[in-house]
Amino acid sequence: MALGLLRRRRSRSGPKAAPGAPLPLPAGAGAYSCEVVDPMGQPLGGAEVTVTARDSHRVAAHGTTDPYGLFMAALPPGSYSVMVTGEGLTPARSDVDIAADTALPTARVALLPARQLELPSPGTWLFDPPHTAIRFIAKHVGMAHVHGRFTRFTGGIRITPDMRDSQVSVRIDAASVTTGNRTRDNHLRSADFLDVERYPYIDFTSTRFVYQGGSKWTLNGTLTMHGTSRSVGLDTTYLGTVNGGYEQELRCAALAKTELHREDFTLNWRSMLARGIAVVGPTVQLELDVQAMYRTSETPTPPE
């Protein structure tokens, strides 16, 4: 009898299972799940899944599939973009709408062998800000991850006949950092972190494209932040070219990621901890989700 009463109490106060959801969900949340399989139709463990809010471009969930190829995330209601990647395989993108207290049927995502995509035509390609996102994820000391992005930036790609000699340049307005918390954002702009008054820009200039097979490249270059320059390598997935957009212009797309160590840029988190300042951790995951438009005399100016 006591056990039955405890079960009834848990059912009234704990998370409720949404219809079709294998696990209970927080109140008001919805669920997305997928089963990722390889080209032979076998479960693909270790595939990377990134769920991004379509309105804010913020990463809402990120992780890898389990040994059975399964991934699940509880999400607030809204519209999301899902990217699934696997080593040596072609990335898969999809859009999903999440409703409260509802679990979507498990999506089956089949990743195909990576093929040699047609590389962008030689010339200048300009970043399209509304369809480009520069995001970062940092571990808050003793707490959860902090997700943020930079909202103002310019950049472009100069493609040469030999892709290995192509160049990428990005200039980020450091003061445009946003994490959804005004107090934290002001602190990030202060002299404790980015010190935007002394160092208003974060710059990246590439030095070499290194082909890794399939659609994978390593983009080597120099990142200058907080008055310090360091060599970095961006793990880059080329997503191809397409005619599309508001003027049906020619576009190319890529996803690039790297891990930065804050002390490499003289952002000393240990000294701030000693002073009792609650800060993000020593490493930051940086991600660039880029669309660029081919620049001609008729190409429209990228919108702000």
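Over the ring of which residue does the charged end of Arg171 sit? The points below lead up to the reply.

1. This is a predicted model, in which local features need a pLDDT of at least 70 and side-chain atom pairs count only at pLDDT 80 or more, while totals for chains, interfaces and linings use all residues. Residues are numbered from 1 along each chain as its sequence is written, and side-chain values use heavy atoms, with hydrogens and water left out.

2. The pLDDT, which is the predictor's confidence in each residue from 0 to 100, averages 83 over the chain, and 79% of the residues score at least 70. Over residues 1-14 the pLDDT is below 50, and this stretch has zero contacts (heavy atoms within 4.5 Å) in the model beyond near neighbours in sequence. Residues 269-278 also have pLDDT under 50, but for them the model has 20 contacts beyond four places in sequence.

3. The chain holds three helices and 18 strands, where helices (H or I, at least four residues) and strands (E, at least two) are DSSP runs numbered from the N terminus. Of its 304 residues, 42% count as buried, a word that stands for under 20% relative accessible area, with exposed for over 50% and partly exposed in between (1.4 Å probe, protein chains only).

4. Strands pair if DSSP finds at least two bridges between them, and E12 pairs with E11 (residues 153-159) in the antiparallel sense over six bridges, with Thr154 opposite Arg171. Five bridges join E12 to E14 (residues 201-213), again antiparallel, and here Asp173 stands opposite Tyr201.

5. The opening question can now be settled: the charged end of Arg171 sits over the ring of Tyr201, 4.2 Å from its centre. The criterion is that NZ of Lys or CZ of Arg is within 6 Å of the ring centre and within 35 degrees of the ring normal.

6. A search of the whole structure finds four aromatic pairs. Among them, Phe209 and Trp217 are edge-to-face, at 6.1 Å centre to centre and 80° between the planes. Rings of Phe, Tyr and Trp (its six-membered ring) pair if their centres lie within 6.5 Å, and planes under 30 degrees apart count as stacked, over 60 as edge-to-face and the rest as tilted. Phe209 is buried at a relative accessible area of 8%, and Trp217 is buried at 9%. Ring pairs link Phe209, Tyr211 and Trp217 into a cluster.
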